[in-house]
Amino acid sequence: MLGTRVADALAGPHDVDHYLELLRPDWAVRRIRGEIVAVRHQNDDSVTLTLRPTGTWPGFRAGQHVEITVEVDGVRHRRSYSPSGSAHPRTRDIELTVRRHPEGVVSRHLKEHAEVGMFVGLSAPRGDDFVLPEVRPRRIVLISGGSGVTPVLSMLRTLTDEGHAGEITFLHYARSAEDLLYARDLEAIAADHPNVTLLRTFTRDGGGELEGRFGPEHLRRALPVDEDAAAFVCGPGALVEATRALWEDQGLITPLRFEHFAPPVLPDLDPDQLGTVTFAGSGVSSEADGSTLLEQAEAAGLSPVNGCRMGICLTCKCTLNAGQVRDTLSGAIGGVPGEEIRICVSAPVGDVSVDL
Ligand SMILES: Cc1cc2nc3c(=O)[nH]c(=O)nc-3n(C[C@H](O)[C@H](O)[C@H](O)COP(=O)(O)OP(=O)(O)OC[C@H]3O[C@@H](n4cnc5c(N)ncnc54)[C@H](O)[C@@H]3O)c2cc1C
Ligand code: FES
């Protein structure tokens, strides 16, 4: 009964979960929250959080991500993080590893302030493309760089928990051995599972199983010709793009799935293509600087609702009144008045007006 819309209406003005949160933050009937029950600093640049979710957490598929909501200086922010644990956990706890970005609002906050007993908001798991197929292929290649290790480690842990007997190659790129997240966990998994091959590359210091950058030689070591195979790559844009390009060059039939943690960086727009941006709903205008409409709105003092900030969650959608925008993921220019656009991945081209 508590979980119904009727109960929300009776509880008003807020939903039932709002009141439950005030009583006991670990109770919820519809929303999902997670209590931080452990904090581990694997290195100076990252923090690993173990979250105990409310009973409303439905579980996740290896490779999916969740959106967490945290309050920083009185403002709520949402960001996506990929659980790194097995999808068949012994407890319901979820593990997230967050790499700190020097200018990053949420990653810096979590690195510096996350502590046991703190609660964060959680979304249901998201993303159905970057997941292990239901019927597991015989050979699986997992490629990652930096914090991109999280979703593919989840896949590796899930497969080993399932007793997957096929070959799994785990190719990871880090600047140095000290930078490698989950170093001991990966070594332990490889030591316990003869079908798991760990190929590490330390791009700055060398000394791993492979040297240099991802290219044909690394691919040859990772993926002998096999029809029943699948590959996954997650990491910095350069690694993901190099992998995709090699796949295309070599015409590989093995399906490659990829995930970016940050949108690719496009060349700057020609200054002649920059105009005036009008946020019509707020009566605010500013001169375009080539950044996204979301960034420009924030720079103009507005606080549009947003989540992933890279075109995935759709929470930032708003109506384009006039003008055209460049899709910062693909570089394509388009847009017609009345169209719903994602302002986090839309940069104005010429004079633009949005209903914000
Ligand atoms: C599907 C998905 C899964 C993700 N999983 C993880 C994860 O498991 N672990 C993890 O650490 N991060 C992950 N991320 C990235 C994460 O959501 C945040 O983008 C990141 O933590 C930065 O947030 P912030 O608030 O600190 O930075 P912001 O305040 O949003 O940005 C500050 C600056 O950092 C730049 N920036 C933001 N994110 C990145 C990035 N990923 N790489 C390079 N520059 C960036 C921005 O362009 C900006 O200049 C994931 C992202 C997606 C979309
Ligand atoms: S903030 Fe997620 S799509 Fe824009």
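Colleague: In which loop is Cys313 found?

Modeller: First, this is a predicted model, in which local features need pLDDT of at least 70, side-chain atom pairs count only at pLDDT 80 or more, and totals for chains, interfaces and linings use all residues. Residues are numbered from 1 along each chain as its sequence is written, while chains are lettered from A and ligands numbered from 1 in the order in which they are written. Helices (H or I, at least four residues) and strands (E, at least two) are DSSP runs, numbered from the N terminus. On that naming, Cys313 belongs to the loop between α8 and β14.

Colleague: Is Cys313 buried or exposed?

Modeller: A residue is buried if 20 or more other C-beta atoms, placed from the backbone, lie within 10 Å of its own, exposed if 12 or fewer, and partly exposed in between. Cys313 has 20 C-beta neighbours inside 10 Å, so it counts as buried.

Colleague: Leaving out residues up to four places away in sequence, which residues does Cys313 touch?

Modeller: Contact here means C-beta atoms, placed from the backbone, within 7 Å. With those sequence neighbours set aside, Cys313 touches Glu67, Gly307 and Cys308.

Colleague: And how far is Cys313 from Arg79 in space?

Modeller: In sequence they're 234 residues apart. Going C-alpha to C-alpha, the separation is 9.9 Å.

Colleague: What is the phi of Leu314, and is the residue buried or exposed?

Modeller: Leu314 is in the loop between α8 (293-299) and β14 (317-327). Most residues other than glycine have a negative phi. Leu314 has a positive one, near 70°. Its C-beta count within 10 Å is 11, so Leu314 is exposed.

Colleague: Tyr182 has a positive phi too; is that residue buried or exposed?

Modeller: Tyr182 has phi near 55° and lies in the loop between β8 (168-174) and α5 (183-192). There are 20 other C-beta atoms within 10 Å of its own, so Tyr182 is buried.

Colleague: Which element gives the largest share of the shell around ligand 1?

Modeller: A residue is near a molecule if its C-beta atom, placed from the backbone, lies within 6 Å of it. The shell has 25 residues, the closest being Gly104, Val106, Ser107, Thr150 and Ala262. Two or more residues come from each of β4 (75-81), β5 (94-99) and α3 (105-113). The largest share, four residues, is from α3.

Colleague: In the β12 and β13 hairpin, which residue takes a positive phi?

Modeller: Strands pair if DSSP finds at least two bridges between them. β12 (274-279) and β13 (284-287) run antiparallel with four bridges, and Val277 stands opposite Ser286. Four residues lie between the strands, and the one with phi near 65° is Gly283.

Key: Contact = placed C-beta atoms within 7 Å.
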